[in-house]
Amino acid sequence: MTTTPTAASAYWEPLWSEGRRYRQLDDTENRLLEDHLGPGRARPALDIGCGDGALARRLAQLGYRTTGIDCSPTAIALAAAQDPGPGIVPVWQCMDFTTDDLGTLPEPAYAAITCRLVYRWIDDKAVFLDRVRRLLAPGGTFWVVTEIAGRRPATDPLQNLGITPAQAELLTAGWSTVHTADLDVLRCYALRP
Ligand SMILES: C[S@@+](CC[C@H](N)C(=O)[O-])C[C@H]1O[C@@H](n2cnc3c(N)ncnc32)[C@H](O)[C@@H]1O
C-alpha cells in the first residue's frame, strides 16, 4: 500500500479528486482485449493504473482473478464503489507501480498484465518495463493501450498525449511476439515474453 505520496500520486490524485475522467472502454476495444488475452480461467491478472476500474472489471468478467492498482486513492475508492456485488470482483490496491514494493501484490506472477492510457505518463519507462517483466508469468501477455504521436491534427491541443516512435520502440523491444491493433488515435499492443 502507498503510505507516502509519490510523484505519480501527487500528479494524479488532484485530477481524480477534482473530477477528471478518461476515455471510456467501448465494444471494439473490449473485443480486441478478449481476442488477444483469451478467457481468464481463474488465472491472475494485474491492471496497472486502473483508474476507476473499468478494464479490471472487464478482466474479472473474462474470468481473470484480477487485481487493479492505482497510485490515486480517489481512483481506487471510485473503482471499489463500482463493484457489482457477489461474484468475481477485482481486488483493489493503492500503490505506485514504479516505486512501491511489488511484494505487496497479492500474486508473485500474472498471466495477464494490462496498462491502459498509462505508459505515456511513466517517467522512467525502462524501469517500468523491467518491473512488468518481473511479474509476467511465462507465456503471459502484457496488454498496453496508448495513444500514438502524430495521429491528431497539428493544431489539436491534445497532440502531446501520444507516445513517440522512440518510446514505442522501447515498449516493443525484447518480446518474443508483438501484436498490434489500431483504434483511431490509440494503438493496442499484445506483448509476450
Ligand atoms: C489517464 S489515466 C487512465 C486510467 C485507466 N487506466 C483508464 O483507462 O481509464 C492514468 C492512470 O494511471 C495512474 N498512474 C499513473 N502513474 C502510476 C503509477 N506510477 N502507479 C500506479 N498508477 C499510476 C493514474 O493515477 C491514473 O489513474
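**View 1. Arginine 41 in the loop between α2 and β1.** Arginine 41 sits in the loop that joins α2 to β1; helices (H or I, at least four residues) and strands (E, at least two) are DSSP runs, numbered from the N terminus. The model is predicted: local features need pLDDT of at least 70, side-chain atom pairs count only at pLDDT 80 or more, and totals for chains, interfaces and linings use all residues. Residues are numbered from 1 along each chain as its sequence is written. The phi of arginine 41 is near 45 degrees, a positive value in a residue other than glycine. Arginine 41 counts as exposed because it has 10 C-beta neighbours inside 10 Å. A residue is buried if 20 or more other C-beta atoms lie within 10 Å of its own, exposed if 12 or fewer, and partly exposed in between, with C-beta atoms placed from the backbone.

View 2. The buried residues are Leu55, Ala56, Arg57, Arg58, Leu59 and Ala60. Their cover includes α2 (27-37), β1, β2, α4 (73-81) and β4; contact requires C-beta atoms, placed from the backbone, within 7 Å. Just after α3, glycine 63 has a positive phi of about 100 degrees.

View 3. Strand β4 (residues 110-116) is mostly covered, with 7 of its 7 residues buried. Strand β1 (residues 44-48) runs parallel to β4 and is joined to it by 4 bridges; two strands pair if DSSP finds at least two bridges between them. In this pairing, alanine 45 stands opposite alanine 112 of β4. Strand β5 (residues 136-147) is also parallel to β4, with 6 bridges joining them. Here tyrosine 110 faces leucine 136 in β5.

**View 4. The β6-β7 hairpin.** Strands β6 (residues 177-183) and β7 (residues 186-192) pair in the antiparallel sense over 7 bridges. Aspartate 182 stands opposite arginine 187 in β7. The two strands form a hairpin with 2 residues between them. Aspartate 184, in the loop between β6 and β7, has a phi near 40 degrees, a positive value in a residue other than glycine. Aspartate 184 counts as exposed because it has 10 C-beta neighbours inside 10 Å.

**View 5. The shell around the ligand.** The ligand has 19 residues around it, of which Ala8, Trp12, Gly49, Gly51 and Cys71 come nearest; a residue is near a molecule or strand if its C-beta atom, placed from the backbone, lies within 6 Å of it. Helix α1 (7-17) and strand β2 (65-70) each supply at least two residues of the shell. By class, the shell has 12 nonpolar, 4 polar and 3 charged residues. Ala, Val, Leu, Ile, Met, Phe, Trp, Tyr, Cys and Pro count as nonpolar, Asp, Glu, Lys and Arg as charged, and the others, Gly among them, as polar.

View 6. UniProt, in an unreviewed entry, places the feature "domain: Methyltransferase type" at residues 46-143; its positions are given in the numbering used here, feature names are shortened, and annotations may be inferred rather than shown by experiment. The end C-alpha atoms of residues 46-143 lie 10 Å apart, and the span is 29% helix and 29% strand.

Methods. Two residues are in contact if their C-beta atoms, placed from the backbone, lie within 7 Å.
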